[in-house]
Amino acid sequence: MGELLKCRKCGVLLKGGSILDGSYEACPSCQASSRLKVYPAYFDKIEKGKLGQKALGDKEATCYFHPDRKAVAICDECGKFVCELCAIPDPLANDGASEGVLCPECYSRKLESSGRRGGREEVFLYDGMAVSLAVVPLIPPICIIMYWAIIFTAPAALFLSIAYWGKTRHFMPRSKIRNIVAIVFSLLQVLFLIGIVVLIVTSLTFGEMGS
Amino acid sequence: MSYTKLKIKGASMQSLLSVRKSNLWLEEDHFLHVEGRGLIFTFWEHYQRLYFENIKGIIILTTKLYLIHSVSYSLIGLFFLLLGVGSSLLVSDNLTKWIVILVVGAIGTLFLIRGIFIGLFRKSCKFLILTNVAAIEIPSLNTMRVAENTEKILSGFIEKAQGKLDQEGLKKVIEIEKSDL
């Protein structure tokens with residue numbers, strides 16, 4: 001807290017009028033206008049993590065991850081001793097008998113294997129890349145400057161669209177139209193390249209025969 | 001999952017070819033911000049889930065970036081227009097002269113129109129979502145119109161999940177903020 005009334009650009013204190021009436025408030029220093037809408041979650045407090053007690057002597061069990069901290073629990077999955085900081089309540093333990101404690105390693109492994117997703121994720125779209133490689137080199141300014149690029153881009157687009165057919169991992173069902181467009185365009189380009197090669201070879205051959 | 005796509009889009013041209021598109025998908029208790037990047041077609045997608053009950057505020061901060069874009073596009077447009085006029089003076093053939101004027105002039109006009117359009121209608125901003133742990137910027141929601149529309153839509157869902165702060169609550173927020181400084 002204490003951050004909301006600061007201008008996001010220069011850090012100068014704002015009056016907070018925008019919170020009350022929803023209007024834009026100009027910063028007295030940098031003149032950047034901003035509007036802030038606040039919701040009840042503002043009053044939610046997050047508990048700070050406890051660091052765990054220091055181990056007093058050699059005979060005391062210590063945390064696997066923090067050797068100077070006293071162990072307070074055992075990981076339900078791997079059996080490692082963990083301190084107060086590393087003892088994470090098992091989010092998937094719902095047997096009612098025990099809360100369940102996991103070490104950080106088992107926690108992330110279990111979350112991953114359960115199919116639960118984290119807050120952020122990134123995905124590479126093979127079909128998008130294939131269609132980009134197949135179509136972008138044909139766009140007028142590029143095809144004039146970099147016409148030679150299709151020697152590389154067309155086979156690459158063809159490979160990507162065939163080898164990764166239906167393998168693009170997306171959170172929603174995705175049509176195959178990009179793959180089809182990429183295959184059609186890259187095939188035409190490959191045929192065009194083959195045609196040019198054949199033309200050169202035949203003209204060279206007939207040229208030699210003629211001379 | 002049964003996501004519903006919000007009929008709101010934000011796109012920002014990073015350069016002439018690279019794109020950065022933003023889509024918001026709604027679920028019951030959260031929204032998914034999908035940011036696509038690529039070269040005309042998107043081939044890289046970045047997902048970010050934000051739960052309505054965790055959002056404590058939304059900030060829209062105006063920026064002057066649109067002025068830079070507007071002036072840049074306009075200058076490029078003027079450059080092409082001058083180039084068209086200049087090169088037409090150098091060409092003696094009448095037909096070639098008109099082709100040069102038309103092609104280069106059309107490019108210049110397009111840039112100029114885009115520059116004026118950005119200056120008048122695409123005022124830029126930053127869109128920030130505040131949670132208890134971070135202020136998350138959604139980079140593609142960078143024009144005022146799109147940002148304000150998105151805020152309106154999201155507010156409905158957030159207030160459905162959390163309720164609404166009355167004037168007393170809002171005054172309390174300001175008091176707490178001032179006392180913490």
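In this predicted model, helix H3 (residues 126-135) of chain A packs with helix H5 (residues 150-163) of chain A at an angle of about 155°, their axes being 8 Å apart. Chain A also forms an interface with chain B, where the buried area is about 4900 Å².

**Helix packing in chain A**

- Angles over 145 degrees count as roughly antiparallel, and H3(A) and H5(A) are therefore roughly antiparallel to each other.
- The crossing of H3(A) and H5(A) is left-handed.
- H3(A) contributes A:Tyr126, A:Met129, A:Ala130, A:Leu133 and A:Ala134 to the contact, while H5(A) contributes A:Thr153, A:Ala156, A:Ala157, A:Leu160 and A:Ser161.
- Of the residues in the contact of H3(A) with H5(A), 8 are nonpolar and 2 are polar, with no charged residues.

**Interface of chain A and chain B**

- The size of an interface is often given as the accessible area lost when the parts come together.
- Carbon and sulfur atoms give 64% of the area buried between chain A and chain B.
- On the chain A side, the residues that lose the most area to chain B are A:Arg8, A:Tyr39 and A:Phe171, which together account for 15% of what that side buries.
- In terms of residues, 49 of chain A are in contact with 53 of chain B.

**Salt bridges across the interface**

- The rule finds 2 salt bridges across the interface of chain A and chain B.
- A:Lys37 forms a salt bridge with B:Glu159, with the closest N and O atoms 3.8 Å apart.

Conventions. Residues numbered from 1 in each chain as written. Chains lettered and ligands numbered in written order. Predicted model: local features only at pLDDT ≥ 70, side-chain atom pairs only at ≥ 80, totals over all residues. Heavy atoms only, no water. Axes fitted to C-alpha atoms, helices over the stretch in contact; angles between N-to-C directions. Helix = DSSP H or I, 4+ residues; strand = E, 2+ residues; numbered from the N terminus. Parallel < 35°, antiparallel > 145°, perpendicular 65-115°, else oblique. Left-handed = near helix turned anticlockwise from the far one by under 90°. Contact = heavy atoms within 4.5 Å. Nonpolar A, V, L, I, M, F, W, Y, C, P; charged D, E, K, R; others polar. Buried area = accessible area lost by both parts, 1.4 Å probe. Salt bridge = Lys/Arg side-chain N within 4 Å of Asp/Glu carboxyl O.
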